[in-house]
Amino acid sequence: MEKQHYKFKLMPLPYSYDALEPFIDTLTMQIHHDRHLKTYVDNLNSALENYPEYHNWTLERLLCGINCLPETIKIKVKNNAGGVYNHEFFFMNMSNNGKKQPNGILGEKINCTFGSYDKFKAMFKETALSVFGSGYTWLVSDKHRNLRIITTANQDVPVTQGMCPIMCVDVWEHAYYLKHFNVRADYINQWFNVINLKMAEENYLNIYI
Ligand code: MN
């Protein structure tokens with residue numbers, strides 16, 4: 001996903017809108033993907049439209065090289081490229097494949113870092129609840145393959161901090177308000193059932209930092 005460049009396209013969901021029921025509801029998925037993600041894609045394209053010198057820059061290059069961009073578009077590109085990157089990761093990072101525990105070297109590293117997968121989930125949830133306002137909670141790896149739970153505000157991305165994302169949850173209110181109103185904890189509990197753990201395992205195997 002980070003290899004695409006202008007003109008950015010709306011990534012199709014890798015599953016149907018109702019695939020994550022009953023944990024994540026169909027209407028939330030429709031609005032989150034078709035409206036929220038689409039708006040980030042459209043705004044990113046409109047920011048870059050009159051700047052052809054950046055049309056071959058990938059999403060990741062735009063995010064990591066944001067300070068090379070003209071002041072006139074810097075903030076708009078940062079926010080909207082971040083919105084595209086984070087949402088594509090978040091949607092890809094969910095699945096109804098039914099996998100409940102990470103295996104392989106990610107499973108082992110989670111056990112050794114956090115004590116167990118259940119203890120990891122408790123810490124991840126506590127961190128997700130601590131995000132004030134809008135943002136994300138991530139499991140990331142540093143270049144030494146050490147795992148950490150971090151948060152990012154708004155549409156900031158972990159790749160610009162030298163961190164490789166393993167999994168993430170979107171805790172903007174639009175991710176859960178239709179079903180859970182203001183109760184973010186219920187949403188996090190449901191989200192644990194639909195984490196694409198196969199993708200998380202692959203992300204950890206393929207750390208590219
Ligand atoms: Mn979102």
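Tutor: A residue counts as buried when its relative accessible area is under 20%. The model under discussion is predicted.

Student: With that cut-off, how many of the residues of β3 are buried?

Tutor: Strand β3 spans residues 164-170. The strand is mostly covered. The number of its residues that are buried is 7 of 7.

Student: In which order do the 3 strands of the open sheet stand?

Tutor: Strand β1 covers residues 135-141 and pairs with β2 in the antiparallel sense over 7 bridges. A further 6 bridges join β1 to β3, again antiparallel. The order in the open sheet is therefore β2-β1-β3, with β2 and β3 at the edges, each having a single partner strand.

Student: Which residue stands opposite tyrosine 136, and which stands opposite serine 141?

Tutor: For tyrosine 136, the facing residue lies in β2 and is threonine 152. For serine 141, the facing residue lies in β3 and is cysteine 164.

Student: At about what angle to β3 does helix α3 run?

Tutor: Helix α3 is formed by residues 71-92. This helix lies across β1 and β3. Its angle to β3 is about 85°.

Student: Are helices α4 and α8 roughly parallel or roughly perpendicular to each other?

Tutor: Helix α4 comprises residues 104-114 and helix α8 residues 197-205, and their axes are 8 Å apart. They pack at an angle of about 90°. Angles of 65 to 115 degrees count as roughly perpendicular. The two helices are therefore roughly perpendicular.

Student: How many residues apart are histidine 87 and histidine 174?

Tutor: Both histidine 87 and histidine 174 are buried. Histidine 87 belongs to helix α3, whereas histidine 174 is in the loop between β3 and α6 (177-180). The pair thus links distant parts of the chain, and the separation is 87 residues.

Key
Residues numbered from 1 in each chain as written. Predicted model: local features only at pLDDT ≥ 70, side-chain atom pairs only at ≥ 80, totals over all residues. Heavy atoms only, no water. Pairing = 2+ DSSP bridges. Helix = DSSP H or I, 4+ residues; strand = E, 2+ residues; numbered from the N terminus. Contact = heavy atoms within 4.5 Å. Axes fitted to C-alpha atoms, helices over the stretch in contact; angles between N-to-C directions. Parallel < 35°, antiparallel > 145°, perpendicular 65-115°, else oblique. Buried < 20%, exposed > 50% of the residue type's maximum accessible area, 1.4 Å probe, protein only.
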